[in-house]
Amino acid sequence: MTERTPSQTVGPYLHIGLVPGPFGVREVFSGMVADAGVPGTHIRVEGRVLDGAGVAMPDAMLEIWQADAEGRYAHPADGRPLASNSFRGFGRVGTGADGGYAVQTIKPGQVKGPSGKLQAPHINVGLFARGILKRLFTRIYFAGEPTNATDPILALVPAERRATLLAKPDPAKAGLWRFDIHLRGPAETVFFDA
Amino acid sequence: MDDVYSRAGDTADPPLLYPDYRSTPVRSPSRPLITIPQTLSEITGPVYGHNDAKPGEADLTRQHAGEPLGERIIVTGRVLDENGRPVPHSLVEIWQCNAAGRYIHPVDQHPAPLDPNFTGAGRCVTDENGTYRFITIKPGAYPWGNHHNAWRPAHIHFSLFGPSFLTRLVTQMYFPGDPLFVFDPIHNSVPEAARHRMVSRFDMDTTRPDWALGYVWDIVLRGRNATPLDADHD
């Protein structure tokens, strides 16, 4: 058995290596997870990342991992062909001065879960920042989605905390969903360990 | 549903709340993480590598008109999983401060000089043996505001993917024998028995005469549990 290398924080200067555009370095990732050519319902997810004191975190980074509109992952363990070759299902975005982020994507389809039971549509999120010693992992579900009621992962979350995992549609703009992340406190987002 | 990826090695990781590192009390969840089974969502992950790094991006000393000041070094090693298998064709991203201990980042206001010939960002893709290799300059130590007279030991930030969402790792590589380790709460957030795994070793075979010192550091990502089939063959 080879011994695992420990995790460390990304620190406050993560942008230099991970979202380096402002430093004149070519970027390979962005918040554009699915461009206009990818089949599916195109959505935008916006939100803010806040610390335990309710203060916006301007130095956080989110990584997105999701299935396509048919619930297929661009990965050999899924194995099914994708409808679009340009869809890789991964995105990365830093937060702005107000702790805000935005991701342009498609609503994912249902993915197989434990015992073959389908999961509700969800987007996997990795969260990194100064003060986070190991990536935090959460999921974005969609409020009003009927399959949430039978999702096997949501079922593991105490009922009173499930709302922290639900993106809410913005009534003012079609296709816009809002999802804030609270690291700590009364509105603390549920984080997972897998 | 059985776990595809081992959880046993999680004991190497720091706790999310480590009060000596003063950013953690407001930036860590107060409630326990909720343990979930490993579904297709977790055992898949971004497949990056191949065309995602360009050859010149692994040399941090050749990104500007001139060469950066400082001690030129070669940093190389292998990316492995916990079963000792190489992780080939996988993206490695690094970032660091310059030889004076200053990051190019606007948030860093430490009064040490910027180097117009150094950005401090690099990336490469592991080869078929899991090997990565960077050319850079040795980063300096620098002060930070965590506590009175706080200094970070010299380090290079590393970001790795591996084959799934669960193998993702961001960590820091340190240099051997640094006297600042014992004072550094970020280094010491890791359980003592595992701290040495973050420290590279000086290697004369990697060192190139009249040109650069060599450091070797192998990185071990989370590995798969043995499957019944594997067990039959072990």
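Predicted model: local features only at pLDDT ≥ 70, side-chain atom pairs only at ≥ 80, totals over all residues.
**Figure 1. Leu50(A) stands opposite His182(A) in strand β9 of chain A.** Residues are numbered from 1 along each chain as its sequence is written, while chains are lettered from A and ligands numbered from 1 in the order in which they are written. Helices (H or I, at least four residues) and strands (E, at least two) are DSSP runs, numbered from the N terminus. Two strands pair if DSSP finds at least two bridges between them. Strand β9 (residues 181-182) runs parallel to β1(A), and two bridges join them. Strand β8 (residues 176-178) of chain A also pairs with β1(A) in the parallel sense, over three bridges, with Val45(A) opposite Trp177(A).

**Figure 2. Strands β2 and β3 of chain A run antiparallel.** Strand β2 (residues 60-65) is joined to β3(A) by five bridges. Met61(A) stands opposite Gly94(A) in this pair. Strand β3 (residues 90-94) is mostly covered, with four of its five residues buried. A residue is buried if 20 or more other C-beta atoms lie within 10 Å of its own, exposed if 12 or fewer, and partly exposed in between, the C-beta atoms being placed from the backbone.

**Figure 3. Phe128(A) lies in the largest nonpolar core.** A nonpolar core is a set of buried Ala, Val, Leu, Ile, Met, Phe, Trp, Tyr and Cys residues joined through C-beta atoms within 7 Å. Of the 108 residues in this core, Leu127(A) and Phe128(A) touch the most other members. Two residues are in contact if their C-beta atoms, placed from the backbone, lie within 7 Å. Not counting residues up to four places away in sequence, Phe128(A) touches Val10(A), Leu14(A), Ala60(A), Met61(A), Arg135(A) and, from chain B, Val170(B).

**Figure 4. Chains A and B meet in a contact that takes 60 residues from chain A and 64 residues from chain B.** On the side of chain B that touches chain A, at least two residues each come from β1 (34-35), α1 (40-43), β3 (91-95), β8 (155-160), β9 (169-174) and β12 (219-221) of chain B. The residues on this side of chain B divide into 32 nonpolar, 21 polar and 11 charged; Ala, Val, Leu, Ile, Met, Phe, Trp, Tyr, Cys and Pro count as nonpolar, Asp, Glu, Lys and Arg as charged, and the others, Gly among them, as polar. Strand pairing also links the two chains: strand β10 (residues 192-193) of chain A and β1(B) pair in the parallel sense over two bridges. In that pair, Asp193(A) stands opposite Thr35(B).

**Figure 5. Four strands of chain B form an open sheet.** The strands follow the order β4-β3-β8-β9, and the pairing is antiparallel. β4 (121-125) and β9 stand at the edges, each with a single partner strand, so one side of each is left without a neighbour in the sheet. The twist averages 25 degrees from one strand to the next, where axes are lines fitted to C-alpha atoms, for helices over the stretch in contact, and angles run from 0 to 180 degrees between N-to-C directions. Six bridges connect β8(B) and β9(B), and Ser159(B) has Val170(B) as its bridge partner.

Figure 6. Tyr5(B) counts as buried because it has 22 C-beta neighbours inside 10 Å. The C-alpha atoms of Tyr5(B) and Arg222(B) are separated by 7.0 Å, although these residues are 217 residues apart along the chain. Leaving aside neighbours within four places in sequence, the contacts of Tyr5(B) include Gln38(B), Ile43(B), Ser164(B), Leu166(B) and Arg222(B).
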